[in-house]
Amino acid sequence: MPDPVVHVAELTKIYKVPEREAGLRAAAKALVRRKTRDVRAVEGISFDVGAGEVVGFLGPNGAGKTTSLKMLAGLLYPTGGNALVLGYVPSRRERDYLRQMTMVMGNRNQLQWDIPALDSFELNRAIYRLQRADYLAMRDELIELLDVGDLVRKPVRNLSLGERMKVEIVGALLHRPQVLFLDEPTIGLDVTMQKRIRTFIAEYNKRHGATVLLTSHYMADVEALCKRVIVIHHGRILFDGALASLADEFAAYKTIGVVLQNGGAPLDAYGEVVHHEGDRVSIRVPKADTSRVAARLLADHEVVDLTIEEPPIEDVIESVFAQPAAV
Amino acid sequence: MSVDVARLPEAGRWRSLYDFYVTTMRTAITSQLQYRVTNYFYMLGMIAEPVVYLVVWTTIADQEGGAVNGITSGEFAAYYIVWTLVRNMNIVFGAPFWEWRIREGRLAGDLLKPMYILHYDLAYFAGWKFVVVAMWLPIAFGLSAVFHPTLSPSALEIVVFIFAIWGAYLVRSMFQGTVGMLNFWTTRGAAVFDLYMAVEMLLSGRLVPLQLMPGWVQTLANFLPFKWTFGFPIESLVGNLSTQQLLLGLCAQALWIVIGLLLFKVTWSAAIKRFVSVGN
């Protein structure tokens with residue numbers, strides 16, 4: 001079995017945060033004795049990611065997903081545990097490692113503000129020591145893929161948020177990184193732009209076999225790109241597996257949709273009726289009871305059609321996030 | 001479609017570094033040219049400081065019979081006009097700006113790239129010099145027309161001055177960078193930065209030529225980095241330093257560049273472990 005591109009073992013990050021009560025007295029006390037609290041942002045997470053995988057890193061705000069990505073990108077020193085990406089320890093920030101990875105942070109501008117993006121791309125060419133022919137080929141490929149040919153000549157400050165994000169991505173990928181850490185790359189963008197960036201990430205992954213770790217609050221991003229998801233909450237991994245099996249693990253219910261011959265029949269006895277329109281009824285039932293309820297419906301009524309559906313992924317994720325922190 | 005996972009080949013190390021400096025300097029010039037008017041106003045504000053010193057000292061010299069401590073009005077004029085060039089040359093990425101760099105997320109972006117952090121600032125501000133020096137020339141002519149400097153440097157002094165102003169730039173970059181590391185320990189480093197600037201003003205020759213200071217201050221200044229960022233470059237052009245003094249001055253600058261670089265490297269490696277990058 002080939003070595004994983006990303007190997008994480010018991011990775012931990014603890015921030016020391018100063019805190020005090022409100023008011024003058026507390027402020028005076030803090031002058032003499034400063035109190036700090038340990039915030040365990042990431043607590044002993046472990047996982048492997050193989051070459052070419054696109055993995056969604058999911059979690060609510062403050063769950064620890066961005067901190068994890070930043071540790072993997074070498075921006076943060078871990079408090080404990082180990083991480084290896086492409087065989088490198090990220091926190092050492094070796095040149096050879098930095099040349100093979102990239103991190104794109106949504107809403108963060110890394111290009112020079114006052115000059116056209118093309119000038120910033122030139123700067124990146126020099127920083128990444130790219131040979132001109134390779135640079136031009138890669139630049140033109142990315143410009144074409146993201147359709148930003150007319151944007152790269154404008155000063156970055158004159159671009160809209162979505163346009164800026166697209167040229168940011170071009171700048172971040174000029175050195176053809178093998179590992180991409182994408183921290184909410186579609187945040188704040190309209191649906192068309194989100195879709196464009198999703199399509200681009202999928203295409204880049206396909207063309208260059210890149211490994212992608214992606215965080216996003218938009219489930220459409222995750223559903224479109226990630227077969228595998230890692231759900232992190234309160235700094236711990238709650239789930240690591242196929243997106244399709246996330247519902248099996250966390251959804252407490254399923255939805256049975258039936259089309260009845262005699263549409264008016266009351267079905268409250270079978271579960272919670274969430275939708276009733278004419279002959280069509282949707283009933284939410286506990287997951288464990290699904291087969292039994294479906295069988296009863298078929299036995300008791302003249303059923304024209306019956307479907308059993310997992311709840312929407314957003315609902316599943318919501319139920320995961322609702323879990324309390326372990327004490 | 002075939003999958004292309006091959007890494008792009010690298011250009012040579014030194015050639016790439018040269019390429020990086022040239023490209024960054026070009027980028028800095030392009031950026032600064034966008035703000036011609038702002039730069040001019042900034043420079044006019046900066047010129048106000050030496051003009052005040054110049055007016056004060058030439059007035060005193062005139063009242064003292066034409067010289068103070070052997071420095072004539074014309075020599076004061078030369079000192080402070082050259083001061084304006086040296087000041088432009090030794091503007092660097094200042095210690096307080098590290099806070100901006102961290103808060104705005106620029107540092108996170110820089111850290112993701114395979115380039116030692118000092119190179120960004122050295123290259124960018126070096127490029128900026130070309131814009132400000134071009135803008136400085138008419139101001140220097142104007143000041144010369146008004147204050148009549150006494151300035152007749154030898155060829156050696158001019159050569160040493162050219163090296164000395166870049167040496168001053170490097171010394172100041174290293175020490176401002178080192179002091180800037182304080183931002184990784186506290187977000188309220190302004191008081192320390194102000195103290196540092198005050199000491200620099202007194203011991204560098206920025207406020208007054210060092211030869212007007214008490215003897216013990218001049219001795220102290222010889223053993224600190226500040227003089228080599230202001231006083232020495234100015235003196236190398238306007239003073240009557242011997243060849244030995246000129247060459248020793250360049251050696252002192254080289255020594256302080258090395259000391260500053262080592263200090264920066266040590267503090268940087270400790271500071272970066274404290275970088276939290278929260279929210280950016």
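1. In strand β2 of chain A, A:Ile45 is the bridge partner of A:Leu11. Helices and strands here are DSSP runs numbered from the N terminus, a helix (H or I) having at least four residues and a strand (E) at least two. The model is predicted: local features need pLDDT of at least 70 and side-chain atom pairs count only at pLDDT 80 or more, whereas totals for chains, interfaces and linings use all residues. Residues are numbered from 1 along each chain as its sequence is written, and chains are lettered from A and ligands numbered from 1 in the order in which they are written.

2. Strand β1 (residues 6-18) of chain A runs antiparallel to β2(A), and ten bridges join them. Two strands are said to pair if DSSP finds at least two bridges between them. These strands belong to an open, antiparallel sheet of three strands in chain A, ordered β2-β1-β4. Its edges are β2 (36-49) and β4 (80-85) of chain A, each of which pairs on one side only. On average, neighbouring strands of this sheet are turned by 30° against each other, direction ignored. Helix α2 (residues 65-73) of chain A packs on the sheet and touches β1, β2 and β4 of chain A, its direction making about 115° with that of β1(A). Axes are lines fitted to C-alpha atoms, for helices over the stretch in contact, and angles run from 0 to 180 degrees between N-to-C directions. Residues are in contact if their C-beta atoms, placed from the backbone, lie within 7 Å.

3. Strand β5 (residues 101-105) of chain A pairs with β6(A) in the parallel sense over five bridges, and A:Thr102 stands opposite A:Leu180 of β6(A). Strand β7 (residues 211-215) of chain A also runs parallel to β6(A), joined by five bridges; in β7(A), A:Thr211 is the bridge partner of A:Val179. From β6(A) the chain crosses through helix α7 (residues 191-208) of chain A to β7(A) in a right-handed β-α-β crossover. Right-handed means that, with the strands pointing away from the viewer, the path from the first strand over the helix to the second runs clockwise.

4. Strand β6 (residues 179-183) of chain A is mostly covered, with five of its five residues buried. A residue is buried if 20 or more other C-beta atoms lie within 10 Å of its own, exposed if 12 or fewer, and partly exposed in between, with C-beta atoms placed from the backbone. A:Val179, A:Phe181 and A:Asp183 point one way from β6(A), while A:Leu180 and A:Leu182 point the other way. In a regular strand the side chains alternate between the two faces of the sheet.

5. A:Thr211 lies in strand β7 of chain A. Why is A:Thr211 buried? A:Thr211 is counted as buried because 25 other C-beta atoms lie within 10 Å. Leaving aside neighbours within four places in sequence, its contacts include A:Val5, A:Val49, A:Gln178 and A:Val179.

6. Between the chains, 31 residues of chain B are in contact with 35 residues of chain A. On the side of chain B that touches chain A, α1 (13-33) and α5 (106-111) of chain B are the elements giving two or more residues. The largest share, eight residues, comes from α1(B).

7. Helix α3 (residues 73-89) of chain B is mostly covered, with 16 of its 17 residues buried.

Technical notes:
Two residues are in contact if their C-beta atoms, placed from the backbone, lie within 7 Å.
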